[in-house]
Amino acid sequence: MGILEAFDNDSRPVIMPSHFHKAGKLGEKGIVTFSVSVYEKVLNEYSTIKVAESGTANGKIDILKIIDCDVLFYMSPIGSAIAATIMQEVQYLTGVTSFLFFGSCGVLDKQYANKIIIPTEAYREEGLSYHYAEAADFIELSGYIQIKNAFDKYKIDYIVGKTWTTDALYMETERKVQKRLIDGCVCVEMEAAGLQAISNYLGISLFIFFFAGDILGKRWESKNRGSTLRH
């Protein structure tokens with residue numbers, strides 16, 4: 001059975017979050033960053049309390065409540081499989097029904113380098129989404145209209161376009177970049193398709209936006225907006 005036949009919605013998962021965690025009702029909204037600098041800034045500037053804990057064999061992931069705005073907050077690992085799996089665990093632990101993710105990406109053309117990017121669809125060049133949704137080239141990122149409306153309200157400059165979700169940072173080849181540009185992609189990252197697939201599966205809301213961390217054009221360029229690393 002190949003990845004295109006991985007979706008199996010007709011039988012029960014053998015392992016579920018309930019095997020490791022207790023279900024909770026700790027909040028409805030969650031904000032998630034991929035950046036340790038953003039995480040540390042939140043800890044320094046806001047009052048927070050730890051309300052739950054997820055994690056992997058690499059270490060614990062604290063789930064915090066930002067008291068001033070009554071939202072939950074955590075720092076996600078990078079990569080579709082682990083980021084989306086941790087989101088599923090956090091959702092079970094907390095009962096969050098609406099997640100906002102933000103982080104850096106690679107833009108596919110220099111003209112997009114100084115914009116916030118609101119992705120509308122994700123090209124599925126990763127593995128996890130195929131386990132949670134029927135095989136297709138793209139998955140719609142259904143929260144983009146609400147993000148667009150919010151940015152319009154606060155007069156935040158942005159562009160909209162498709163994103164390319166890949167598992168392989170070092171195999172973003174020149175040929176693939178050109179193909180994705182033809183498909184309408186403006187950026188590349190490693191999580192959006194998987195996060196959306198699990199969100200659809202769980203019946204929760206997902207909102208994502210990006211900013212440029214580097215540029216994939218005729219030659220690679222680092223932007224370093226918000227972090228020295230993509231995400």
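## The model and its confidence

The structure described here is a predicted model. Its average pLDDT is 91, and 94% of the residues score at least 70.

## The chain as a whole

The chain contains six helices and 11 strands.

Of the 231 residues, 46% count as buried. Contacts between residues at least 6 apart in sequence can also be sorted by separation: 72% of them join residues at least 24 apart.

Cysteine 187 belongs to strand S9, which covers residues 185-189. Is this cysteine buried or exposed? Cysteine 187 has a relative accessible area of 0%, so it is buried. Leaving out residues up to four places away in sequence, cysteine 187 touches Cys105, Gly106, Val107, Leu108, Ile117, Lys162, Thr163, Trp164 and Phe210. Tyrosine 130 is 57 residues from cysteine 187 in sequence, and their C-alpha atoms are 21 Å apart in space.

Threonine 94 is part of helix H2 (residues 80-94). Its relative accessibility is 0%, and therefore threonine 94 counts as buried. With residues up to four places away in sequence set aside, threonine 94 has contacts that include Gly24, Lys25, Leu26 and Gly27. Ile63 and Leu72 are also among the residues that threonine 94 touches.

## Helix H6

Helix H6 spans residues 192-202 and is mostly covered, with eight of its 11 residues buried. Which residues of H6 are buried? They are Ala192, Ala193, Gly194, Leu195, Gln196, Ala197, Ile198 and Ser199. Just after H6 comes glycine 203, whose phi is positive, at about 75 degrees.

## Positive phi in two loops

Most residues other than glycine have a negative phi. Aspartate 70 has a positive phi, near 55 degrees, and is not a glycine. Aspartate 70 sits in the loop that joins strand S3 (59-66) to strand S4 (71-75). This aspartate counts as exposed because its relative accessibility is 53%, and the cut-off for exposed is over 50%.

Lysine 155 also is not a glycine, and has a positive phi of about 55 degrees. Lysine 155 lies between helix H4 (144-153) and strand S8 (158-166), in a loop. Its relative accessibility is 75%, so lysine 155 counts as exposed.

## Near the start of the chain

Glycine 2 is in the segment before strand S1 (29-33). Is glycine 2 buried or partly exposed? Its relative accessible area is 42%, which means that glycine 2 is partly exposed. Aspartate 137 is 135 residues away from glycine 2 along the chain, and the C-alpha atoms of the two are separated by 15 Å.

Notes: Residues are numbered from 1 along each chain as its sequence is written. This is a predicted model: local features need pLDDT of at least 70, side-chain atom pairs count only at pLDDT 80 or more; totals for chains, interfaces and linings use all residues. Side-chain values use heavy atoms; hydrogens and water are left out. Helices (H or I, at least four residues) and strands (E, at least two) are DSSP runs, numbered from the N terminus. Buried means under 20% relative accessible area, exposed over 50%, partly exposed in between (1.4 Å probe, protein chains only). Contact means heavy atoms within 4.5 Å. pLDDT is the predictor's confidence in each residue, from 0 to 100.
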